[in-house]
Amino acid sequence: MDFTLSEEHQMFRSMFRDFAQKEVAPLAQTTDHEEKPPLEILKKMAEQGFLGATFPEKYGGSELDNLGYCFLMEEMAGACMSTALTLHVHLGLAGNTILREGTEAQKEKYLPDMAEGTKLGAFALTEPEAGSDAAAIRTVAVKKGDEYILTGNKLWVTNAGIADIFIVFAKTDPQAGARGISAFIVEKSFPGFKVGRRERLLGLRGVVCNPIYLEECRVPAENLLGQEGEGFKIAMRALDYARLGTAAMCLGLAEAALREGSRYATERSQFGGPIALKQAIQNYVAESAIKIEALRHLVEYTAWLADKGERFTKEAAMAKAFGGEIVRWVADRMLQVHGGYGYMREYTIERIYRDARALPIIEGTTEIQRFIVASDIFSGYGLKIKP
Amino acid sequence: MRVIVPIKQIRDPRGVKADPRRQQVTLEEAELVINPTDRNALEEALVLKDKLGAKVTVISIGGPEVEDSIREAWACGADEGILLSDELLAKADFRGAALALAKAIQKLGDFDLIIAGAMAADTCQGQLGPRLAAALDIPCVNDVYRILEVSGGKARVIRGWDEKFLEVEVELPAVLCIAPGANVPRLPHGARIMNSYQWEMPVWKASDLGLSEEDLRPGVEERGLSFPPERVRGRVSRGSPEDLARELVSFLRERHLI
Amino acid sequence: MDFSFSKEHQMLRRMAREFAEREVLPIAKAIDEEHRVPMDVVKKAAELGLLGVPFPQKYGGMGAGEIGYCIVAEELGKVSSSFATIIGAHIGIGAMAIYLGGNEEQKKKYLTPLARGEKIAAFALTEAGAGSDAAAIKTRAVRDGNYFILNGTKQFITNGDIADIITVMAVTDPSLGPRGGITAFIVEREYPGVRIGKLEDKMGIRGSSTAEIILEDVRVPKENILGPFGAGFIVFMQSLDMGRLTLGAACLGGAQTALRMAMEWAAMREQFGEPIAHKQSIQWMIAELATEIEALRSLVYRTAWLVDTRQPFTRYAAMCKMYGSEVASKAVNIALQIYGAMGYSRDFVVELMYRDAKIAEIYEGTNEIQRIVIAENLFRDFGVRIRP
């Protein structure tokens, strides 16, 4: 068992960290306070090749593997969670889904623009009646000649307000439940496609998240992703990989929280010395560090499984479940370390606290992740459980 | 000037539980409160106290627990409260209650106005005001929204009539029945609340009012209850008018209604 | 053992609840979004006596005791943490300090208008270098004939921007430390040299004011010394004790609202073919939370009863604050999780409650300080003297 990172991975990690600290972190407070999407940063990321990092070189990428992607997410989240999530949905969810499931023609058509950042990606699955129960979506897709006509509403579409390319899930066979779902690549410019009002959020305030409305939206038949009826599997595969990236963001954000709290504890003096001398503070810091370390190993191990081509659904769910819960816990304790200052908007930890609260919910709530893990374990005993 | 406000203690309609499946209504868990329009009536009386120095007497009928509502009305600013209570009075229906209240009011002596709520929120009969006026042989104005002036033995009020408002002048003494929403009833001041149980409340029995069991026999018999047909649960959406309109159109299209 | 509230207290609760629903609830979200203090609603509360709940009627108060005050705090806490904070700082520590430490003249002159809500109170202890370590304050009070000249800067003062009467802790003898060296003063906002500095931009309770108060050569008459000279530490410790209890009551209110909202949503929201209330994950969260809220309720009102019957209550008041704030935080966290993505949206009130709740674990003595107070109080019985 060799825990050392390859030189290539070390190089990627340094590059990501430098960029995050130099270009992303200084703008994080502004991004949050002004609720501005980090478009300038995305441009710079494009120049660095981050926006298509996982793509093959012919599409403008560097074939970044899952572990490398985790480092990218970790470092970006540690600097600015809004920026990290924007990048993740664009690349990890939208881009990678086209990469994984698309035909050569589809990849040729869309990936280079996504890598250059001229077109950003989004992923539209959730609906008003279909949150955790993704199979319950109602958006329909009717084949008409050489087009599909899509009708329905999607909610909580991260990047919707700034994206051009959407992976949209709709039922080509509404009677067939999950097996009636198909996946489509939908461009904002297609007739019948509308983006709704931007959501106002507790945290992730630099993220642009909107509902989208498909009003008999005309999608060319060649934009069907995979086969009809494969949509649910495509979505689940996409989410498996994305989950891993999200767990890495939890790691990065938690580490940022711990850095803020530990540093503050050494600088703030009360009762004749730094508060780091108080055992209660030491306990918070130690517990945080322990949880973060455990998460790191879980994330890296899961990435290794994924890179080896082995099944990793359960581990990804574990990493996301654990990551979501501990990032919230760590952010909470580290805010507590800051005392009254932690509640003031000038302090970084205040933003981290609000950002962290999204993680137990997005990309599958902690409850859903637990179900996936339990389901995997019980299927080993021959029992199939339902959510 | 003396103003009398009859109030009714009821179960808070918001706390009443209805179970259509078992065809059952549970009242006991709902809080006992002053009937909402009676609070509007009390508010009108208290305004007259503030403006014209009127003396406000609150009177109610029922079991011993009704005392709490009278004391609450006192806490809001009423000058005195009287409870009409014994076994017979506790079970009186609106006919018996109107009779008992009329007798009690006669016992109190001269008065200028009786200001009552237009309707009780539990029985929804609206009979008390007119019945009281008939028993006392004085005019009754229903659905009053505003009391404009009380002077020279007359009251000028605004009342609702179909879709209009009418200005009415009535000779005193009279009964005014206040419409729901006519005003915003004031809340009792905290210090008065804390003092509201410090005074002795007169309690009059049926015999004090010269009423017999026969007088107070209920005239209406409740035979049972049934429920309206169950409605399908709807869905709550939010967003800008444009977003909601789109969502509604999608919703209707999905169901092939348009 | 009678667990029922008196009739008067029941009536008070109905009044407080109706006031909260009628006047405070409709503006709860707006004051957060607009970052403003609803002085018009504070005035309406004053008109009902809600700014003087525990104080005797002879000082313009309601005479409802600590039980009555906890009831009001709970009902306000159900509807808006910001509003509960304004009232809490005014009654619970600001005016309370004058009630506990003031002489008859001071109570007549200052407590009465505060209890009537004609003036607003604040409690100025914290400084940039003195948070949990309250004894480390540096604001200085130097005698000058019949006056004391005050110089210093107070930080994070609730109601700072709206207060007329400020109880200020200052060092009168640097050589003595907290025992004998700190004195409490009643300072009027209008005294020359009193200036409001920075208005804090907070994560939550944005409908309340948190400000820096700067004192530059403020002349305070010696008649305004609150409590014995040099005994300021005791005055503020006693005030904080009382304030802790009622903060616990406000947290009880907030936790109940969060629980109710979580349940309403779980009963309505369907996923996988049925309301999510059918999921055991949800049921466990609700059952455990409801149990903790019941425990908190008993703790709060029993402690209020201890105060009203003049029994020792310091340890329990600290428990109320510590446990109350943690239960409230847990409650809003559960509510947000049950609401899912909707809970994260500023269109719904759950995220407002989430942001508001956190501060209760920090102000009026962090929960770390509360634990020290409780442990110190307990270990005394075992002959061990604990220091922070």
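On the side of chain B that touches chain A, no residues are nonpolar, three are polar and eight are charged. The contact (heavy atoms within 4.5 Å) takes eleven residues from chain B and 13 from chain A. The buried area (accessible area lost on being put together, 1.4 Å probe, summed over both parts) is about 1,100 Å². Carbon and sulfur atoms give 44% of this area.

The model is predicted: local features need pLDDT of at least 70, side-chain atom pairs count only at pLDDT 80 or more, and totals for chains, interfaces and linings use all residues. Residues are numbered from 1 along each chain as its sequence is written, chains are lettered from A and ligands numbered from 1 in the order in which they are written, and side-chain values use heavy atoms, without hydrogens and water.

Chain A also meets chain C. Here 48 residues of chain A are in contact with 49 of chain C. About 4,300 Å² is buried, 52% of it from carbon and sulfur atoms. R200(A), F271(A) and Y343(A) supply 20% of the area that chain A buries against chain C, more than any other three residues. Seven salt bridges are counted between chain A and chain C. K198(C) forms a salt bridge with E346(A), with the closest N and O atoms 3.1 Å apart.

Definitions and conventions. Buried area is the accessible area (1.4 Å probe) that two parts lose on being put together, summed over both. Ala, Val, Leu, Ile, Met, Phe, Trp, Tyr, Cys and Pro count as nonpolar, Asp, Glu, Lys and Arg as charged, and the others, Gly among them, as polar. A salt bridge is a side-chain nitrogen of Lys or Arg within 4 Å of a carboxyl oxygen of Asp or Glu.
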